[in-house]
2 protein chains.
Amino acid sequence: MFLKCENFQKTGSFKIRGGMNAVLSLSTEELKQGIATHSSGNHAQAIAFAARQVGKKAYIVMPATSPKVKVDAVKNYGAEITFCEPKQKILESTLKDIIQRTGAAFVHPYDNYQVITGQATCAKELIEDVPGLDAIITPVGGGGLLSGSALSKHYLLPPAFIYAGEPEGAADAILSFRSGQVERAAFINTIADGLLTTLSDKTVAIIRQYVKDIFLVTEQEITSALRLIYERMKIIVEPSSAVSLAVVLKHRNLFAGKRIGIILTGGNVDVSNSDKWFKD
Amino acid sequence: MFLKCENFQKTGSFKIRGGMNAVLSLSTEELKQGIATHSSGNHAQAIAFAARQVGKKAYIVMPATSPKVKVDAVKNYGAEITFCEPKQKILESTLKDIIQRTGAAFVHPYDNYQVITGQATCAKELIEDVPGLDAIITPVGGGGLLSGSALSKHYLLPPAFIYAGEPEGAADAILSFRSGQVERAAFINTIADGLLTTLSDKTVAIIRQYVKDIFLVTEQEITSALRLIYERMKIIVEPSSAVSLAVVLKHRNLFAGKRIGIILTGGNVDVSNSDKWFKD
């Protein structure tokens, strides 16, 4: 197994790849009134950072339940935060109001080809760094990273397979993968809080075309994988990052003897509140 | 600042350097009946691992209060563990009984020149990897790492200074550094549980000769430094590891503009019980 440690990435997750690419792809005119988005955390940090890099204001709508460590980081990058109820529709309507008021350019967290191609650079680097991978596994939330990884695999390493891991407690992508439409999860109950969003029209299309399969993992399997990463690899990752490793541990026969690339997606964790994941 | 990440070292801490060197320095005759030591954890793991590498039995006396994660690791390396009260005299007398019964060779955690020279390889690598360091800082517990680091600095980088950090709640080395004798701390109260031991005759002599100064840090300063390492560097280290960084943060003027090498000593942490360090 070869781990791509995006917890060590600028802003603490892979999201800076897509956020930076999207912001740098905007015209001077589009950038003029700043950039706006909604995000529970990592995309928010990425956009806040990218906006500062280009000298523009960032407007971020965040769920009031966002971890303090992520809120603090967004603030530190100088963004203006608007809190709202943690519901997709309310996030979207709050953002819409802000965009109407400010004229800021919207960079969607994943339903955006510049974001997707930005995320694609992660698997691209992994493929270049580790010759002869048999498979790449990423977690799937909104599908931006998975879509980008699938595109990189398709163009740069056609013989390999790309898989995704998804929590049983946020199992919407697996439904979308089968139906071809954006589906909702039957229920939400997972510590992998980066993976709660549904796919989008753009990501579901790419994922259906290029991804080999999506595997579900239980909370127990996520926690075991997370604990292994913490205690044996001695690095801090978000629970969402452990989902890919949980897939490999669950399907040992499928992956035995193979060269597997795993993307550890991020490491923005509130350490004063993370031991609860490991209580028996 | 340049961090030497011994949390990523085999057995999870720098202790394998000294343990392995000491075990490999024993004669076939000395090794015959196995190896014995007392340790609250990291030296125990090192000796258990080193013994397995040379195909000999390890007998480890551990305080009954040792973290489960460290006990499990020692067990996994195949060592025989004897638990006792967490008091230095009882650890020593229990070990003495075992050595009399088994004939195993004793490898002291730090009052041993092979252990000290083994630990010296850590600063040696740091000096080789990062040209032109102005200072190296290590935490000090029993003084094995500090002594070894001081020797490497003395022979390989004479113009640099070597400093140590010590918790106010285990402030014995600073007394020994001044008096030239092995002193005890006035009181023990620190999360840096790797630094509770006193110096020894061998380490106090080396430290007096080659170390520039020892700085005390408070529990608050250790916790802040530890949190910075967790949340910004995204790596898992033991509280003892944060003491060196806490020294730099406390004495900014002394270290401003300097190239500082910091040894992060280990990363063996019980993650289900570590958030208490960060509670406000």
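Me: How many bridges join strand E2 (residues 35-38) of chain B to E5(B)?

Reply: Two bridges join them, and the strands run parallel. Strands count as paired if DSSP finds at least two bridges between them. Before we go on, a word on the ground rules: this is a predicted model, in which local features need pLDDT of at least 70 and side-chain atom pairs count only at pLDDT 80 or more, while totals for chains, interfaces and linings use all residues. Residues are numbered from 1 along each chain as its sequence is written, chains are lettered from A and ligands numbered from 1 in the order in which they are written, and side-chain values use heavy atoms, with hydrogens and water left out.

Me: What stands opposite Ala36(B), and in what order do the strands of the sheet lie?

Reply: Phe106(B) in E5(B) is opposite Ala36(B). The open sheet of chain B has four strands in the order E4-E3-E2-E5, with parallel pairing. Strands (E, at least two residues) and helices (H or I, at least four) are DSSP runs, numbered from the N terminus.

Me: Why do strand E4 (80-84) and strand E5 (105-106) of chain B stand at the edges?

Reply: Each has a single partner strand, so one side of each is left without a neighbour in the sheet. Helix H3 (residues 42-53) of chain B packs on this sheet, touching E2 and strand E3 (58-63) of chain B. Touching here is contact, that is, heavy atoms within 4.5 Å. The direction of H3(B) makes about 170° with that of E3(B).

Me: Why is H1(A) called oblique to H3(A)?

Reply: The axes of helix H1 (residues 15-25) and helix H3 (residues 42-53) of chain A come within 8 Å and cross at roughly 40°. That angle makes H1(A) oblique to H3(A). The classes are roughly parallel under 35 degrees, roughly antiparallel over 145, roughly perpendicular from 65 to 115, and oblique for the rest. Axes are lines fitted to C-alpha atoms, for helices over the stretch in contact, and angles run from 0 to 180 degrees between N-to-C directions.

Me: Which hand does the crossing of H1(A) and H3(A) have?

Reply: H1(A) passes H3(A) in a right-handed crossing. Right-handed means that the near helix is turned clockwise from the far one by less than a right angle, and left-handed that it is turned anticlockwise. Residues making the contact include Ile16(A) and Met20(A) of H1(A) and Ala46(A) and Phe49(A) of H3(A). The contact divides into seven nonpolar, four polar and one charged residue. Nonpolar covers Ala, Val, Leu, Ile, Met, Phe, Trp, Tyr, Cys and Pro, charged covers Asp, Glu, Lys and Arg, and polar the others, Gly among them.

Me: What makes H1(B) oblique to H6(B)?

Reply: Helix H1 (residues 15-25) and helix H6 (residues 113-129) of chain B have axes that come within 7 Å and cross at roughly 135°. This angle makes H1(B) oblique to H6(B). Their crossing is right-handed.
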